[in-house]
Amino acid sequence: MLIYLVKSLLCLLVLFTFYKFFLEAENMHRFKRFFLIGSVIFAFILPLITFSYTVEYSSGSAAAIPFSEIPDAGDLPKQESWMTHLGTFALVIYTIGLVIMGFRFIKNLYKIRENITNNEHFRSWDYIYVLLKQKLIPHTFLNYIFLDKTEYENDQISESVIEHEKAHVDQRHSLDILFIEFLQVIFWFNPVFIWLKRSVKLNHEFLADEQVLSKKPDALAYSNVLLSYSSGFHHNSLSSSISHSLMKKRIIMISKNFSLKLMLGRIGVLLPVLALCIYFFNNDIVAKPLITTSSGDSKVLFAEVQDPDIISIRLEEDRIFVNNEEVRLKEFSKHLDALVEDRTDSELKEMNFHMQTRNAEEGLLDLLNIEFEKTRFSRLTGHSVLPPPPPLPAEKVGLPPAPPVPHTADDVPPSPPAPRHLNEEVPPPPPAPRRHTRKQDSLRRVHMNTRDQIREQMRMEREFHREEMERERAAHRVKIEQQRDSIRQQHEVAIRQKVKQQRKEIIEERARIREERETLRAENQRLKEKIEKEKLIKDQKKKDSID
């Protein structure tokens, strides 16, 4: 459990460090939100994963890989010291911290519920406005928006601030904060969660600012609104509010633009970091041998590294494993007999036997020994799963007693037999015990080549990712060029159509103006003729009056 916690903490610390140096100051807020939450889940799951790879052997050289024995914890000498009580002391400290952090979490939830029930609130579409009778910064929790009642009724809260809080509700930022707060209660001893929560809240503010500016793109006016909240008031740690302590970073971020090229570059740097995390912080890397026959027609893949000439029995608490396969106690003897049914008696006597125990339950070993004695292997070899008794203490050895003195001829012992002739055939010496030199050399080669194979695999993966990124960049450049050409052509066509339309409108306008001029000229001529006619009439009347 301690190794899991250390690996999880270090993995999360590495990913968060990468975020602080490479992602936090960039305008890619949706990806950053996914990265922060995903890195927490990744850091918790990775130490539980076991990776495996295959190693090929020929049937002649890969007879087996011996199974390493694990001593029983009960057989180790017990040391009575302060280390014995360290686990209990650590558990007590953890429980105290868990109770304190859990009480703080529940207290914050209760305060939010109390503010909702004891103050005026009303629903507007998907939002519930809660009007508090105190001076505060607008903030949200789930779909609740908390506002100062006096400022709201006097219409003193900017519309941009309301839109900012609505963005927190629309994007469900409270769920991220609740997730991080819950993990901080359980893993209160991990300081990374404190920094992680601050980064999550800052990124929420970036996302909310981005949504507000997409509707009202006046960045200068919005920055002035944010600066008006430079002096903040206390609010609940579970809520999302306008943070005045990070105002400078937010105003700087407003002026930045999104860059796809920069985002792809950051992802390219992230891939080796993830590969290193997977290599160093996984649970284990297991080699699975791939056995090939001499004819090369068939292959046999063993699920675990196991010597076929060794019977391995392992006890873990109340579980029984035979050659890494879990077996019930009642089926143990049948399973072991089926495992060696194709072996002759002579082959069975030459097989090795390994017994391992790990925190086995009391009495399980005796019951297993009863079932083991029923097997064919036990009857032929005389093995037992019980450990041998300790040797008796050595006694003082004296001189052997003198032989009795013969009293009669009958008491005289017979003479020893005559020595055999030197040319007589002497029986050959017994064969030396078999040594698994090939197996040991094979295992040594596997262990020596494992690290080189992993390094080569990682190098190939890096080359593959680099080539993949180059192909994606080339395809992206081609796609951008095509889009530019298409946009340029569309723009030229639109300009031609627009110029043609404008020319047509100008011609029509000129014709209309010409017609109006002709009409005005005719109307002026008619008025002149009318005026001259009236003038002649007046002159004639004057002459007539004089006469």
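Biologist: What covers the buried residues of α1?

Modeller: This is a predicted model, where local features need pLDDT of at least 70, side-chain atom pairs count only at pLDDT 80 or more, and totals for chains, interfaces and linings use all residues. Residues are numbered from 1 along each chain as its sequence is written, and side-chain values use heavy atoms, with hydrogens and water left out. Covering goes by contact (heavy atoms within 4.5 Å), and the cover for α1's buried residues includes α2 (29–45), α7 (192–215) and α10 (260–281).

Biologist: Within what arc do the buried residues of α1 fall, seen down its axis?

Modeller: Buried means under 20% relative accessible area, exposed over 50%, partly exposed in between (1.4 Å probe, protein chains only). Among the buried ones in α1 are Tyr4, Cys11 and Phe18. They line one face of the helix, because the arc (directions from the helix axis to the C-beta atoms) is 155°.

Biologist: Which exposed residues sit on the face of α1 turned away from its buried side?

Modeller: That face looks away from buried residues such as Leu12 and Leu15. The exposed residues there are Leu2, Ile3 and Phe21.

Biologist: Which glutamate forms a salt bridge with lysine 197?

Modeller: A salt bridge is a side-chain nitrogen of Lys or Arg within 4 Å of a carboxyl oxygen of Asp or Glu. Here the closest N and O atoms are 2.8 Å apart. Lysine 197 lies in α7 and its partner in α6 (residues 173–186), so the pair ties together parts that are 16 residues apart in sequence.

Note on methods. Helix = DSSP H or I, 4+ residues; strand = E, 2+ residues; numbered from the N terminus.
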